[in-house]
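Subject: Structure for you to look at

Hello,

Here is the structure I said I would pass on. Please open it alongside this note.

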Amino acid sequence: MSRIGKSPIDIPSDVTVRVQDSVVTVEGKGGTLSQMLTDDIRVLINDNVVTLERPSDSKTHRAVHGLYRSLIFNMVMGVSEGWTKKLELVGVGFRATNRGQVLDLALGFSHNISMQIPSEVKLNTVSEKGKNPIIELTSLDKQLVGMIASKIRSLRKPEPYKGKGVRYVGEIVRKKAGKSAAK
């Protein structure tokens with residue numbers, strides 16, 4: 001049995017979860033999220049606890065059991081607290097600014113990179129003197145925040161010799177030793 005799939009999800013008091021025609025809808029103070037499930041997985045709601053049941057131990061049922069439990073848990077946490085990803089720009093001359101939902105990045109290329117961020121994600125850039133610029137992404141949808149953060153990071157991944165690039169706050173970049181002088 002899936003260890004993730006069989007663990008119950010506690011519903012906070014300000015969140016409501018509804019299941020209708022294999023679509024789970026979660027509403028909270030942050031907003032509303034919905035996820036379509038396969039017809040096989042049953043979602044049971046009693047006493048502010050959500051549990052998922054699968055009909056058999058087949059490989060496909062075991063695979064989606066834990067997946068759907070994680071997706072529903074992420075939706076419950078998203079509408080109650082929200083999800084945040086922070087990215088740090090490490091490098092001389094690396095800058096980040098935003099004009100509304102347009103993110104403008106200077107990452108050492110000959111041109112600046114502009115990205116349109118979806119309206120579901122709240123964008124904030126922080127630039128303090130003497131510190132690396134930070135991009136903060138906040139949304140209800142964990143998948144969307146992670147995807148956008150990954151896309152921004154892929155523009156200039158941290159390189160292994162000096163560690164310059166876009167990285168998550170708290171990410172540890174293992175550095176390689178440079179060339180040794182020939183004797």
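Below is what was found in it, by topic.

This is a predicted model, in which local features need pLDDT of at least 70 and side-chain atom pairs count only at pLDDT 80 or more, while totals for chains, interfaces and linings use all residues. Residues are numbered from 1 along each chain as its sequence is written, and side-chain values use heavy atoms, with hydrogens and water left out.

Cores

Start with the largest nonpolar core, which has 20 residues. A nonpolar core here is a set of buried Ala, Val, Leu, Ile, Met, Phe, Trp, Tyr and Cys residues joined through side-chain atoms within 4.5 Å. Buried means under 20% relative accessible area, exposed means over 50%, and partly exposed lies in between (1.4 Å probe, protein chains only). The residues with the most contacts inside this core are L89, L103, L105, I117, I135, L137 and I152. At least two core residues come from each of β7 (83–90), β9 (102–106), β10 (113–116), β12 (134–139) and α3 (142–154). Helix α3 gives the most, with five residues. Helices (H or I, at least four residues) and strands (E, at least two) are DSSP runs, numbered from the N terminus.

I117 is in contact (heavy atoms within 4.5 Å) with Q101, L103, L123, I148 and I152, leaving aside neighbours within four places in sequence. There is also a second, separate core of 19 residues. Among its members are V26, L33, I41 and V50.

T25 sits in strand β3 (residues 23–27). T25 has a relative accessible area of 16%, so it counts as buried.

Strands around β9

Four of the five residues of β9 are buried. Strand β8 (residues 95–99) pairs with β9 in the antiparallel sense, over five bridges. Two strands pair if DSSP finds at least two bridges between them. A96 stands opposite L105 of β9. The β8–β9 hairpin has two residues between its strands, and G100 in the turn has a positive phi of about 70°.

β9 and β10 also pair in the antiparallel sense, here over four bridges. D104 stands opposite S114 in β10. Six residues lie between these strands, and G108 in this hairpin takes a positive phi near 90°.

Helix α2

Helix α2 (residues 59–80) has 22 residues, and its end C-alpha atoms are 33 Å apart. That agrees with the 32 Å it should span at 1.5 Å a residue, the expected span being 1.5 Å times one less than the number of residues. G82 follows α2, with a positive phi near 90°.

Salt bridges

How many salt bridges does the structure hold? It holds five. The criterion is a side-chain nitrogen of Lys or Arg within 4 Å of a carboxyl oxygen of Asp or Glu. Three of them follow.

- E53 pairs with R42, the closest N and O atoms being 3.5 Å apart. E53 is in strand β6 (residues 49–53) and R42 in strand β5 (residues 42–46), eleven residues apart. E53 is partly exposed at 36% relative accessibility, and R42 is partly exposed at 47%.
- D57 pairs with R54, with closest N and O atoms 2.8 Å apart. D57 is exposed at 56%, whereas R54 is buried at 12%.
- E171 pairs with R153 at 2.7 Å between the closest N and O atoms. E171 lies in the segment after β13 (165–168) and R153 in helix α3, 18 residues apart. E171 is partly exposed at 24%, while R153 is buried at 19%.

Best wishes
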